[in-house]
Structures are given as structure tokens and as C-alpha cells.
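Thanks, everyone. I'll take you through one structure this morning, piece by piece. Please have a look at it before I start.

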Amino acid sequence: MSPTARIERDSAWPEISFEERIGTAEFRIHEKAHITVNGDSCRGCTTRECVVACPANLFVPTSDGGILFNYENCFECGTCYLVCNKEGAISWTYPEGGYGIVFHRT
Amino acid sequence: MTNPPVRHDADIIVVGAGPAGSCAAIAAARAGRSVILIERGPFPGSKNMYGGVVYPRILDELVPSWWETMPVQRWVVKRSTMLLSDTGALNVDFRANAWGAPPYNGATAYRPDFDNWLANHAVEAGARLVCSTTVTGLLRDSTGRIQGVSTDRPDGDLHAPIVIACDGVNSFLAKESGLYPHTDASNFTLGVKETLALPKHVIDERFGVRDNQGVDIEILGGTSGVNGGGFIYTNLDTVALGVVLKLPKLAAQQKRPEQIIAELKRHPAVAPLIEGAEVKEYSAHVIPEAGLEMMPTMVADGMLVAGDAAALCLAAGIWLEGVNFAMASGMYAGQAAAEAIAKNDVSSRGLSGYTDRLEKTFVLRDHKKLRKVPHLVLSDRVQHKYPAFVAGVVERVFRVDNPHPKPGVRRIVREERKKAGIGLLDLLRDGWTGMRGFG
Ligand SMILES: Cc1cc2nc3c(=O)[nH]c(=O)nc-3n(C[C@H](O)[C@H](O)[C@H](O)COP(=O)(O)OP(=O)(O)OC[C@H]3O[C@@H](n4cnc5c(N)ncnc54)[C@H](O)[C@@H]3O)c2cc1C
Ligand code: SF4
Ligand code: SF4
């Protein structure tokens, strides 16, 4: 395929923003966080496995070397606690019954 | 020491209304036991996502003529394996139109539909289904014997002499009971997928099917250098496209899951299939990938573990089957639990009918036969070197390079093997492992 053909084809589905992407999933948000991240543990973490691996992109590095985490749009998949190598950095539970991710065409 | 007698709410508590839990509940209720089936989602299936094909043959036993009522998207009549190099693709297709008629083979289905349908059969069999309720732990008496579960409902403790943990890949019950000590990330893959909308006739044309015929494509390569694989499945008016990614490898590089999907969608062999499709739903879930190597102890006094909670999902390259393994193990757990109640022995010995059944059937026999395959398929060589090697060989076999005469295949193989950086001994060894592993 020539480079131009490739570019034309790429524009056949403009890549959607992450906000639009996550907006396609339904989250019934509970006021209480089911996952919390201990910022002190993260400050010394150089590997940052959670940042690239979380499919919901919920771990955001801050300029002061910490991690900003928001539990709201979480798939409850378990990736973050499995890849994080620091004991105690993530405390992970399921949300209260009836809340959290609700899949429809999966 | 004697315990004051506990008032039991049921004979058996099943945690999780996925395929394992619902089949456990159907089997136990049919055997005349009282069963409570607890699900944390607002309805069964609401927390569950997978690639897209169920193989329900095992349901013949629990739900005869299941195909008449099951919420099916399409019946799979074509299975393809796609080997992707950066620019090329080798496709191996198998088509069997007979799979599109009773008694059928596999079907694409949405899990929120399928799981809900299966849980309804548990309710019809007499089980009590409790949704929107998260089990938070095991209840034990002073001797440590399991007596039921605690939940997040007010006064939510539920008592029963047997708990069947069907709570999926993260199974906190198996971990809490001490049956499942490991959480080694290298045993797991992350699956992310897009449900992509396309008009039905467009899907029919692009995939070469009609009516309610469907296609299952497994992909090797195309995951941006992260060990894993991809899949494409046709639903009625959507296509499910996704990747599974080995967790430590994903975490150790820079590309995020949705970027890896985006690259797969741009691959010249994939793009024409899904061009113009709109993302309807983005989803993610973890898979227990290591098979036999990671399986926990599945029986304890008063407790059984089934389905993904016991790592019974079979993820071996051309096969990604978990739902059928979950349904079978759930059914056997339900039957064994009912037997144990009947003979009044809920100790691990009384419950051993469960593992007997697993050993005798495909559940553990397939896993034993294919024990080496998950690691082979996810190994660095198979992942990073073989797709380019195979595609390179096939490209040169088919390329017409006149006026040059055709080179011998043996020479092409040797040259492409060297180009891909694969040692002859490694190739032979992997071939041998593969042949024995799949045999
Ligand atoms: C990306 C991907 C692709 C896949 N593709 C396929 C495929 O094409 N074909 C196939 O056959 N298999 C496939 N699988 C595997 C398959 O999805 C699983 O093996 C199967 O769902 C396991 O069933 P289960 O009942 O054991 O667990 P699950 O389906 O995970 O069900 C567990 C249930 O327990 C509930 N639960 C969990 N914890 C609690 C709690 N504490 N309290 C109350 N309820 C709880 C959950 O909400 C859930 O409903 C795929 C998996 C993934 C992730
Ligand atoms: S959550 Fe774990 S992996 Fe992520 S920054 Fe903190 S310590 Fe590191
Ligand atoms: S459970 Fe999954 S989606 Fe939720 S924060 Fe962890 S990695 Fe992200």
C-alpha cells in the first residue's frame, strides 16, 4: 500500500479521544472509592507499571513525582494490583454490589 | 469443642453468577438442594466480558436443546488463524457450514445476554438469585470450618455448609481460603476489546457469510511487540476486535492497550474488515493464562473452586476457551456438593467427587494434554520472530520474480530463518514441543 493510500485509509476511522472511548462504557459510580492508591509508595516508584497498563488510564503521574488516581471509570479488571510491584501501594476491592462497570455488548 | 448449631440459609452458596456459578447452581438445585446464587453486578453478566465465542456442547446435559433459546449473535461456521508480520499476513481458514445447523458447535454471544439467560435456568431450577450483592469474605465457626459468606448488604451474612467459589479470575474467596496463594502477574493477560458497529450486510460481505453465520479469527502477531495475540469475532451488527497482552510485558513498555488495538486496526490485513466502524463499547478483563501451572487446590472442607477462579480457562494460541471450562467445572462442583450434602460429609473427602469428575473429563484432560502450549505460544521466539519468518517464507514462495527462476523452498526457509534471527536448534526444539504439546 502506498503511504498516501495508507493515510487516506487511516482517516476512515478517526481515532477517538480517550474520553470518548471511555464514554462508551457505562459506570454506575458509587460515592465511595473501591480502590485507593497510597501516594507515598508511588513517589519512590520508578517503574510505574500501572500508568501504561491500566486499560482505563486511571493512573496519572503528577509533576511532583506522585500518582493521581480516580476510581470512577474502572473496569474492575485487577491489572493494576497484579502489575504493581510495591507492597501496599494499591488497596483493591470490588465496588459495592450493583455499582461500578456495567457491560452491555461484550 | 462443639459448636452451637448454625441456622443454615441454604445447603449451598454459590458466589458469582457467571457461567461457572450458574451451572453449579443449576446442577445442585436439580439434585434437590437449596441454593443461593450471589452476584455483585446489577444482573448476571453485567461484569463479564470475553472475546466472543461460546462452545456450549457441555450444556446438552443441563439445558437440552439449549440452541433453541440461547441468545445467539451468530453461529460460527468459519474459523481462521491469522499470522501477522508488520506488513503481511498468513491466513488459515476452515469452513464448516454444518456448524450453522443443529446441534451446532460454537456461537458468538454477548456475555450480559448469555450469562443472564443461563442464570435464569438456575432460577427455574429453584436456586435463589441475589444480585447487586458483593461477597466480602468467608464465615467460619470457632474450629475454622466454613459456614457461609459475609456480604456488603445490611445483616448480609448467609450461612451454608458448602460454599462454591465461582467468583472469576481475581477470586478473593480462593485467596482468602488459602487455596490460592499466588498473584504472579506473569500468569495473567489483559484482554481489551472494542465492540465495533457495522451494518449487518457489510459484515456479511466482508467476512463471506450470510444470515446468522459467523466467523472466528484468532490472531498471532500484531500486538506491537507485546507478547499476546488478537481476535476478531462477528456479531450480528457489530464486530468484536481485541487483543490479549501478557501483563509484565505490557507493563514494561510504553504503548497503552488502546494504542495497541489502534495499531492492529491499521494493519493492512485487518483494516479492510472494519473500516468505517464506530466504537460502540470499549471493555477490559483479565484472563488466567498459565493453565495447569497456576491452578489452585480446588477442594477444601466446605468449599469448592470452579471456573476462572480455579484458572480453568484454556488459553492456548488457536484456542481461547473459558466459558465451556467454567460451565463444566461449575456443573461438576454443583453435582459433587449435592452428593456431599446427601451423604452428610462436607469435608474435602466428602467433596472429592468434584476433582474426580474434573480428572475424568475434558476439563483437566485438555489442560494436561496442552500443558506446554500456553508458554510456548507466549514465548518471545513464537511471538517476535516466527510471524515474520513464516510470512517471509510464504511471501517468497508465492512471489514471481522473473526473469529469476523460483528458488528452492529449502533455501528460502534457511535464508528467512537467518534473517529472522532464529537458530536451527531452537526452531527444531519449538517444532518438537509444539507437535508434542498440541498432539
Ligand atoms: C478478552 C477475553 C477473551 C475471551 N474469549 C473467550 C472466548 O472467546 N471463548 C471462551 O469460551 N472464553 C473466553 N474467555 C474466557 C472466559 O471469559 C472465562 O473463562 C469465563 O468467563 C469464566 O467464567 P467464570 O464463571 O469462571 O467467571 P466469570 O465469567 O468471570 O464470572 C464470575 C462472576 O462472579 C461475580 N463475582 C466476582 N466476585 C464476586 C463477589 N465477591 N461477590 C459476588 N459476585 C462476585 C462476577 O461479577 C461475575 O459475574 C475470554 C476472556 C477474556 C478476558
Ligand atoms: S501504583 Fe504501584 S506501579 Fe503504580 S506508581 Fe504506585 S507503586 Fe508504582
Ligand atoms: S482494576 Fe483495571 S481498570 Fe480499574 S484501576 Fe485497576 S487496572 Fe485500571
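The crossing of α1(B) over α8(B) is right-handed. This is a predicted model, so keep that in mind throughout. Two packed helices are described by the angle between their axes and the distance between the axes. Here are both values. Helix α1 of chain B, residues 19-30, packs against helix α8 of chain B, residues 323-342, at about 35°. Their axes are 7 Å apart.

Which residues make that contact? From α1(B), they are B:Pro19, B:Ala20, B:Cys23, B:Ala24, B:Ala27 and B:Ala28. Across from them, α8(B) brings B:Val323, B:Ala326, B:Met327, B:Gly330, B:Met331, B:Gly334, B:Gln335 and B:Ala338. By class, the contact of α1(B) with α8(B) has 11 nonpolar residues, three polar and no charged.

Next, the ligands. What surrounds ligand 2? Its shell includes A:Cys42, A:Cys45, A:Cys50 and A:Cys84. A:Arg48, A:Glu49 and A:Lys86 are there too. A:Ile67, A:Ala89 and A:Ile90 complete the list. That makes seven nonpolar and three charged residues around ligand 2, with no polar ones.

Ligand 3 has 14 residues around it. The nearest are A:Cys54, A:Cys74, A:Phe75, A:Cys77 and A:Cys80. The shell of ligand 3 divides into 11 nonpolar, two polar and one charged.

Now some loops in chain B. B:Pro42 sits in the loop between β2 (35-38) and β3 (53-54).

B:Asp308 is another loop residue, between β18 (303-305) and β19 (314-316) of chain B. Setting aside neighbours within four places in sequence, B:Asp308 contacts B:Gly168, B:Val169, B:Pro288 and B:Cys313. B:Asp308 and B:Phe325 are 17 residues apart in sequence, and their C-alpha atoms are 8.5 Å apart.

On to backbone geometry. Most residues other than glycine have a negative phi, and most peptide bonds are trans. B:Ser65 has a positive phi, near 55°. B:Ser65 is in the loop between β3 and β4 (74-84). The bond joining B:Pro102 and B:Pro103 is cis, with omega about 5°. B:Pro103 is in the loop between β5 (89-95) and β6 (107-108). The bond from B:Asn402 to B:Pro403 is also cis, with omega near 10°. B:Pro403 falls in the loop between α12 (380-398) and α13 (409-419).

An unreviewed UniProt entry lists residues 376-437 of chain B as "domain: FixC-like C-terminal". In the model, that span is 76% helix and 0% strand. Its end C-alpha atoms lie 9 Å apart.

Last, confidence. Chain B averages a pLDDT of 94, and 99% of its residues score at least 70. Chain A averages 89, with 87% of the residues at 70 or above. Residues 1-5 of chain A have a pLDDT below 50. Beyond near neighbours in sequence, that stretch has three contacts in the model. The model scores ipTM 0.93 and pTM 0.94.

How values were computed: Residues are numbered from 1 along each chain as its sequence is written. Chains are lettered from A and ligands numbered from 1 in the order in which they are written. This is a predicted model: local features need pLDDT of at least 70, side-chain atom pairs count only at pLDDT 80 or more; totals for chains, interfaces and linings use all residues. Side-chain values use heavy atoms; hydrogens and water are left out. A residue is near a molecule or strand if one of its heavy atoms lies within 4 Å of it. Ala, Val, Leu, Ile, Met, Phe, Trp, Tyr, Cys and Pro count as nonpolar, Asp, Glu, Lys and Arg as charged, and the others, Gly among them, as polar. UniProt positions are given in the numbering used here, feature names are shortened, and annotations may be inferred rather than shown by experiment. Helices (H or I, at least four residues) and strands (E, at least two) are DSSP runs, numbered from the N terminus. pLDDT is the predictor's confidence in each residue, from 0 to 100. Contact means heavy atoms within 4.5 Å. Axes are lines fitted to C-alpha atoms, for helices over the stretch in contact, and angles run from 0 to 180 degrees between N-to-C directions. A crossing is left-handed if the near helix is turned anticlockwise from the far one by less than a right angle, and right-handed if clockwise.
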